[in-house]
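Me: I would like to learn how to read a helix crossing and a pocket. Could you take me through them one after the other?

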Amino acid sequence: KVPVEDLVEEFLSSMRKGGRGAAGQSGDHVATVLMAIANLSLPYTHDGIEELVGSLRVSQIRDSSLLPTLQAVRKLHWKLAYQVIEEVFGVFANKVKLTRGPGAVSEMLGIAADMGFSPHKVPLQKCLNHQLSYENRFKTTSAELLTTIHSLSIMETRVDEAYIDKIVTYFSKKLDHAENQDLATFLRCLARLNFKPSASTLLLLGRIDKHLEKNL
């Protein structure tokens, strides 16, 4: 068996032949190498990572690898993640229905918010459409919804209030699976969003508030 380190080094060497660098490699191959280096804690240089990231063709990365690739880049060289976050988020939004589940949306939003990145409204709402779709109403968890609402409260992008209403609706049906601290955080995030809830959403917010008071 060939050690993983040797395979990675062989890939890096082949990139540099002919002076083309990583430009001659597919985006998915480069992404796979980045994930391997990050996940296996392989030795690397910042120059090598910078070369890989600089030539990463995001549109060629398979849908299931978009989020792990961003996580890998951030782990290896957090500053370089800012070079790719906008493009990765845009491609992720376009392929979001092909991802492994609604939880990937929460993870992507969480990373974006943590990095201080505010995506454009259209791709952001594409992601929310997937997570909050009728098909995913039972799959998404209270923790994932909390991550989503927290991320939205940090981002400068303001989504249509219908999405916030739907998040409240889904979350209100999962109160038994949420800790008191989660309920309080959820309400604080809603307050920061400063949105005007519909009459039905007000009733649901009242239910969340009563559930919190009951369990104090």
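Reply: H5 passes H7 in a left-handed crossing, a term for a near helix turned anticlockwise from the far one by less than a right angle, clockwise being right-handed. Helices here are DSSP runs (H or I, at least four residues), numbered from the N terminus. The model is predicted, so local features need pLDDT of at least 70 and side-chain atom pairs count only at pLDDT 80 or more, while totals for chains, interfaces and linings use all residues. Residues are numbered from 1 along each chain as its sequence is written, and side-chain values use heavy atoms, with hydrogens and water left out.

Me: At roughly what angle do the axes of H5 and H7 cross?

Reply: Axes are lines fitted to C-alpha atoms, for helices over the stretch in contact, with angles from 0 to 180 degrees between N-to-C directions. Those of H5 (residues 78–94) and H7 (residues 121–131) come within 8 Å and cross at roughly 45°. The two are therefore oblique, the class left after roughly parallel (under 35 degrees), roughly antiparallel (over 145) and roughly perpendicular (65 to 115).

Me: Which residues of H5 and H7 make the contact?

Reply: With contact meaning heavy atoms within 4.5 Å, H5 contributes Phe-89, Phe-92, Ala-93 and Asn-94, and H7 contributes Pro-123, Leu-124, Lys-126 and Cys-127.

Me: Which helix gives the largest share of the lining of the largest pocket?

Reply: H4 does, with 4 residues; H4 (66–76) and H6 (103–114) each supply at least two.
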